[in-house]
Amino acid sequence: MALTDLQQRKFKVAFDSQDVDGTGVLTQADFDRLIENLTTINNKSNDLAKKLYTEMWQDLTSKADIDQNGGVTLDEWYGYIEELIKDAARFDKYVVSNAVTVLKSLDTTGNNRLGLDEYKQLAAALNVSESDAEAAFQKLDTSGNGELDIAELKAAVREFYLTEDENAPANWLFGSF
């Protein structure tokens, strides 16, 4: 099964959010910078976030770095994501668990929810513009209570990666596509 055009557009935005240096290749340095960006927002759960992103990088390079040059190109990324969304256990471990870890590490109030300001900090760490972050937050806050809780975030992550609906709110998870 090849990725659809919609999936490729969405997953390119996700790729770009992790390509911190903008070279078009994901590297260890990009992941180190992501960890730094996320953990400097709030010191809470730093060790867990570092561990998870380190494991994610190892999984990514072991499965996607086909030419073994230490980096992952967009085409290699597409292949990785295509396989990842077929494997429920890996998907939950590296995608859904990552979202929960990030939420908890950015939750400055300890209520297991992100308000708009906390979400904008997350978006900034992932190179998402403030205007896209605000639009995404409005779409992802399905309860309409002004906060994203763990259930909403998990649902959004699953929807982003698994839906074929062009108008799904979670398509905005990493900004406009």
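Asn112 is partly exposed at a relative accessible area of 36%; buried means under 20%, exposed over 50% and partly exposed in between, with a 1.4 Å probe and protein chains only. The model is predicted, and local features need pLDDT of at least 70, side-chain atom pairs count only at pLDDT 80 or more, and totals for chains, interfaces and linings use all residues. Residues are numbered from 1 along each chain as its sequence is written, and side-chain values use heavy atoms, with hydrogens and water left out.

Helices (H or I, at least four residues) and strands (E, at least two) are DSSP runs, numbered from the N terminus.

## Helices H6 and H7

The axes of H6 and H7 are 9 Å apart, at an angle of about 125 degrees; axes are lines fitted to C-alpha atoms, for helices over the stretch in contact, and angles run from 0 to 180 degrees between N-to-C directions. The contact (heavy atoms within 4.5 Å) involves Leu116, Tyr119, Lys120 and Ala123 on H6. Among its residues on H7 are Ala133 and Phe137.

## Nonpolar core

The largest nonpolar core has 51 residues, of which Leu60, Trp77, Tyr119 and Tyr161 touch the most other members. Such a core is a set of buried Ala, Val, Leu, Ile, Met, Phe, Trp, Tyr and Cys residues joined through side-chain atoms within 4.5 Å. H5 gives the most to this core, with eight residues.
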